[in-house]
Amino acid sequence: MSEMNRKELLCHIGRISFAMDDLRIFLDTHPHCEKALERFNKLAEDRAKHICKFEELYGPMNFYNSNVCDDHWKWVDAPWPWEGEC
């Protein structure tokens, strides 16, 4: 994974998520398409890695991941996703 800044990483995760949404819709009507399922699983793995990297560098991506074993509410520490980041 090449080094990306916060905005680039957030946008990359958004692109992966969009592709996964598109494949999910396709899989709803073609549930036995092995190629689409394989691609979806690869994207899901890639997305999880990038989210992990984002959270390691910049804090939680969503409030569900914000306070596991922490001493304060970290969700408010960084700009929120809708504050012009992508």
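View 1. D28 is exposed, with a relative accessible area of 54%; here buried means under 20% relative accessible area, exposed over 50%, and partly exposed in between, using a 1.4 Å probe and protein chains only. R24 is partly exposed, at 41%. The side chains of D28 and R24 join in a salt bridge, with N to O at 3.4 Å. That term stands for a side-chain nitrogen of Lys or Arg within 4 Å of a carboxyl oxygen of Asp or Glu. Both residues sit in helix α1 (residues 6-29), four residues apart, about one turn of the helix. Helices (H or I, at least four residues) and strands (E, at least two) are DSSP runs, numbered from the N terminus.

A word on the model before moving on: it is predicted, so local features need pLDDT of at least 70 and side-chain atom pairs count only at pLDDT 80 or more, while totals for chains, interfaces and linings use all residues. Residues are numbered from 1 along each chain as its sequence is written, and side-chain values use heavy atoms, with hydrogens and water left out.

**View 2. E45 and K49 in helix α2.** Here we move to helix α2 (residues 34-58), where E45 and K49 lie four residues apart, about one turn of the helix. Their side chains meet in a salt bridge, 3.5 Å from N to O. E45 is partly exposed at 43% relative accessibility, and K49 is partly exposed too, at 46%.

**View 3. E56 and K53, also in helix α2.** E56 forms a salt bridge with K53, and their closest N and O atoms are 3.6 Å apart. The two are three residues apart in helix α2, which means about one helical turn separates them. E56 counts as exposed, at 56% relative accessibility, whereas K53 is partly exposed at 23%. The count of salt bridges comes to three.

**View 4. Helices α1 and α2 side by side.** The axes of α1 and α2 come within 9 Å and cross at roughly 155°. This makes α1 roughly antiparallel to α2; angles under 35 degrees count as roughly parallel, over 145 as roughly antiparallel, 65 to 115 as roughly perpendicular and the rest as oblique. Axes are lines fitted to C-alpha atoms, for helices over the stretch in contact, with angles running from 0 to 180 degrees between N-to-C directions. By class, the contact of α1 with α2 has 17 nonpolar, three polar and six charged residues. Ala, Val, Leu, Ile, Met, Phe, Trp, Tyr, Cys and Pro count as nonpolar, Asp, Glu, Lys and Arg as charged, and the others, Gly among them, as polar.
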